[in-house]
Amino acid sequence: MLNINITNFRKNIFSILEQTIKYNEPVNISTKEGNAVVLSEEEYNGMMETLYLSSMPATKEKIVEGLNTSLDDCISESEVEW
């Protein structure tokens, strides 16, 4: 995550936003009143989808089960019936 103060952010806003969009790297902007974070739309949408999927207990359980499954226990892609 890029950390920058508000003065430098203002000076370089266009290049910082382009980099944020291109590389999906959040930017932490510090001000006297507190901090703010700028995200690319793609990064934001991914976070919202993750929160949504995590909010459904059955879906979350299946994801955790998949994460805990060894690759040796998985079938090959060619065996998957679509």
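**View 1. Charged side chains across the predicted model.** The protein carries 6 positive and 14 negative side chains, with the centres of the two sets 20 Å apart. Here Lys and Arg count as positive and Asp and Glu as negative, leaving out His and the chain ends; each charge is placed at NZ of Lys, CZ of Arg, CG of Asp or CD of Glu. This is a predicted model, in which local features need pLDDT of at least 70 and side-chain atom pairs count only at pLDDT 80 or more, while totals for chains, interfaces and linings use all residues. Residues are numbered from 1 along each chain as its sequence is written, and side-chain values use heavy atoms, without hydrogens and water.

View 2. The C-alpha trace spans about 55 × 25 × 20 Å along its principal axes.

View 3. Look for S40 in the loop between β3 (34-38) and α3 (41-54). S40 is buried, at a relative accessible area of 3% (buried means under 20%, with a 1.4 Å probe and protein chains only). Leaving aside residues up to four places away in sequence, S40 touches T20, I21 and N24 (heavy atoms within 4.5 Å).

**View 4. Polar partners of the S40 side chain.** The side chains of S40 and N24 are joined by a polar contact of 2.5 Å (N or O atoms within 3.5 Å, one able to donate a hydrogen and the other to accept it; residues adjacent in sequence count only if both atoms are side-chain atoms). A polar atom of the S40 side chain also lies 3.0 Å from the backbone nitrogen of E43.

How values were computed: Helix = DSSP H or I, 4+ residues; strand = E, 2+ residues; numbered from the N terminus. Buried < 20%, exposed > 50% of the residue type's maximum accessible area, 1.4 Å probe, protein only.
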